[in-house]
Amino acid sequence: MGLAHTWPARYADMTGQPTATAVRIARKPVQIANTVYSDRLGNGAESTGDGWRYRGRGLIQITGRSSYAASGIALGLDLVERPEQLEHPYTAALSAAEWWHRNGCNALADTGDLAVVTRKVNGGLTGLDDRLKLYAGAMTYIGSA
C-alpha cells in the first residue's frame with residue numbers, strides 16, 4: 001500500500017504492513033492530507049480540514065497554513081482565506097520564487113550541491129537523482145552555448 005511505503009514510520013507496522021489508519025484513509029486524498037498534516041505546519045487538528053485546505057500547491061508546493069500565510073504576506077495576497085490562488089500559473093510561479101528567495105536558496109544553489117538544495121526544498125533527498133541528471137544536462141548545454 002502506498003501510504004505504508006511512503007511514510008513507513010507513520011503508516012506501517014513492524015512487519016511493514018499498513019496500519020489500520022493507513023487502510024482507513026487509503027485512496028482518500030482529503031482524509032490523507034487532513035491526517036498527514038494535522039497539527040503541523042500551522043494547521044489545526046484533523047477535523048479542521050486544514051491539511052487538505054493548505055495542501056501542497058504552486059510550483060514549489062507551498063504546504064501548511066503558516067507557509068500560506070508567510071507567502072501571502074510577502075506577495076500581498078490573502079492565501080489563508082483564498083488558498084486556491086496558488087493553483088493559478090502566475091501565482092504558482094510567483095509563490096515559488098518568493099519561497100526560494102525567502103529561504104536563501106540562491107546561495108545554496110550557487111554552491112552546486114544539489115543535495116543541500118533538495119533537503120532545503122523537500123526536507124529529504126526525494127527526487128535528487130532526477131535533479132542531478134537535469135542539472136548535468138543544463139550545465140552541458142550552458143557550457144556548449
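1. Basis of the note. Residues are numbered from 1 along each chain as its sequence is written, and side-chain values use heavy atoms, with hydrogens and water left out. Because the model is predicted, local features need pLDDT of at least 70 and side-chain atom pairs count only at pLDDT 80 or more, while totals for chains, interfaces and linings use all residues.

2. Length of helix 7. Helices here are DSSP runs of H or I with at least four residues, numbered from the N terminus. Helix 7 covers residues 89-102, and at 1.5 Å a residue its 14 residues should span 20 Å, which agrees with the 20 Å between its end C-alpha atoms; the expected span is 1.5 Å times one less than the number of residues. After helix 7 comes G104, which has a positive phi, near 65°.

3. Nonpolar cores. A nonpolar core is a set of buried Ala, Val, Leu, Ile, Met, Phe, Trp, Tyr and Cys residues joined through side-chain atoms within 4.5 Å. The largest one has 10 residues, namely Y54, I60, I62, Y68, L79, V80, L86, A96, W99 and C105. A second, separate core has six residues, including L3, Y11, A22 and V36. As for L79, its contacts beyond the neighbours within four places in sequence are Y54, Y68, S71, G72, Q85 and L86.

4. Salt bridges around D50. The structure holds six salt bridges, each defined as a side-chain nitrogen of Lys or Arg within 4 Å of a carboxyl oxygen of Asp or Glu. One of them joins D50 to R53, with the closest N and O atoms 2.7 Å apart. Both residues belong to helix 5, where they are separated by about one helical turn because they are three residues apart. D50 counts as buried at 7% relative accessibility, whereas R53 counts as partly exposed at 35%. A network of salt bridges links D50, R53 and R65.

5. E87 and its two arginines. E87 forms a salt bridge with R55 at 3.7 Å, N to O; this pair links distant parts of the chain, with E87 in the loop between helix 6 and helix 7 and R55 in the loop between helix 5 and helix 6, 32 residues apart. E87 counts as partly exposed, at 47% relative accessibility. E87 also forms a salt bridge with R57, where the closest N and O atoms are 2.8 Å apart, and that pair is 30 residues apart in the chain.

6. Surroundings of R57. Which residues does R57 contact, leaving aside its neighbours within four places in sequence? They are I62, Y68, P83, E84, L86 and E87. R57 is found in the loop between helix 5 (50-53) and helix 6, and at 9% relative accessibility R57 counts as buried.

Technical notes
Helix = DSSP H or I, 4+ residues; strand = E, 2+ residues; numbered from the N terminus. Buried < 20%, exposed > 50% of the residue type's maximum accessible area, 1.4 Å probe, protein only. Contact = heavy atoms within 4.5 Å.
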